[in-house]
Structure formats: structure tokens, C-alpha cells
Amino acid sequence: MSRLIGRVGLAGLVAALAVTSGCSLQKRENRLLFGGHYFPIKAKAVDKKVSLANFTVTVDKASQSPDDAREAGRHGGTVYCIGNYGTSEIEWSLGPDSDPAQLRIVDDKLTLSGTCQRP
């Protein structure tokens, strides 16, 4: 009986470790390597109820390299639009090609915004 409890306990431990490692892998998928720096990114709709086309991309740790953070944001926007509209065409309202003086890094986060274009 104690061997059965030991096996069940071991199986539970292995399952917990698998779930935990799966969570950490998901977190790593949300970061991009540009210019030797990892940038956690998050792209989301401005208002899902209105449209998925208008979105923002937040790039964390932007002060590591503002230029590379802009490229990470471009990539995040492209992935978002492809996933939601099947196209990489974006009309940026404040994007990676905007004048650097217009871009703001607040709390070490760069936020870009754009609209996915329909194919």
C-alpha cells in the first residue's frame, strides 16, 4: 500500500512539474530576441467589441535598445494582424517607423498602435 501511495505521489509531482514547465514555456513564447536582447511583447485589440483591427503592441524592457524594441514591436504587430486577418499589412498610427521623438517609453515599456488592413 505504501508503494502505491509513493507512486501516486510521484506521478502527482511529475504532473505538477509538467504543468509548471508548460507555463514557463508560454511566458518565453511572448518574448522576442532582437539585437541580442529579449523583449517581452503583448499585442491586443484596443476594443474587442468594436473591432480586432485596431490594436496596440507593448514592448517591455525597451530601454535595453530602443531601436531593437521598435523592431520587436513591428514583429508583434505583424504576427497579430496575420493571426486575426491573414495579412501583414498594417497602417501604423504610432509605429516602428515613426519619428523617434514621438515614441515614448513609460515604465520601460514602448507602446505602438496600428490598424490591420484587410487583404
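Which residues are buried in helix 2? Ala69, Arg70, Ala72, Gly73, Gly76, Gly77, Tyr80, Cys81 and Tyr85 are. Buried means under 20% relative accessible area, exposed over 50%, and partly exposed in between (1.4 Å probe, protein chains only).

The views show a predicted model, in which local features need pLDDT of at least 70, side-chain atom pairs count only at pLDDT 80 or more, and totals for chains, interfaces and linings use all residues. Residues are numbered from 1 along each chain as its sequence is written, and side-chain values use heavy atoms, with hydrogens and water left out.

**View 1. Overall fold.** The protein has two helices and six strands. Helices (H or I, at least four residues) and strands (E, at least two) are DSSP runs, numbered from the N terminus. Along the sequence the pattern reads α-β-β-β-α-β-β-β. Of the 119 residues, 26% count as buried.

**View 2. Helix 2 and its packing.** The buried residues of helix 2 pack against strand 1 (31-34), strand 2 (37-47), strand 3 (51-60), strand 4 and strand 6 (109-116). Contact here means heavy atoms within 4.5 Å. The 20 residues of helix 2 should span 28 Å at 1.5 Å a residue, and its end C-alpha atoms are 28 Å apart, which agrees. The expected span is 1.5 Å times one less than the number of residues.

**View 3. Salt bridges at Arg74.** Glu71, Arg74 and Asp97 are linked in a network of salt bridges. A salt bridge is a side-chain nitrogen of Lys or Arg within 4 Å of a carboxyl oxygen of Asp or Glu. Arg74 pairs with Glu71, the closest N and O atoms being 2.9 Å apart. Both lie in helix 2, three residues apart, about one turn of the helix. An α-helix has 3.6 residues a turn, so residues three or four places apart point the same way. Arg74 also pairs with Asp97, with the closest N and O atoms 2.7 Å apart. Arg74 lies in helix 2 and Asp97 in the loop between strand 4 and strand 5 (105-106), so this pair ties together parts that are 23 residues apart in sequence. Arg74 is partly exposed at 24% relative accessible area, as is Glu71 at 32%. Asp97 counts as exposed at 61%.

**View 4. The loop after helix 2.** Just after helix 2, Gly86 takes a positive phi of about 75 degrees. Thr87 lies in the loop between helix 2 (66-85) and strand 4 (90-94). Thr87 is buried, with a relative accessible area of 11%. Thr87 touches Cys81, Ile82, Gln117, Arg118 and Pro119, not counting residues up to four places away in sequence.
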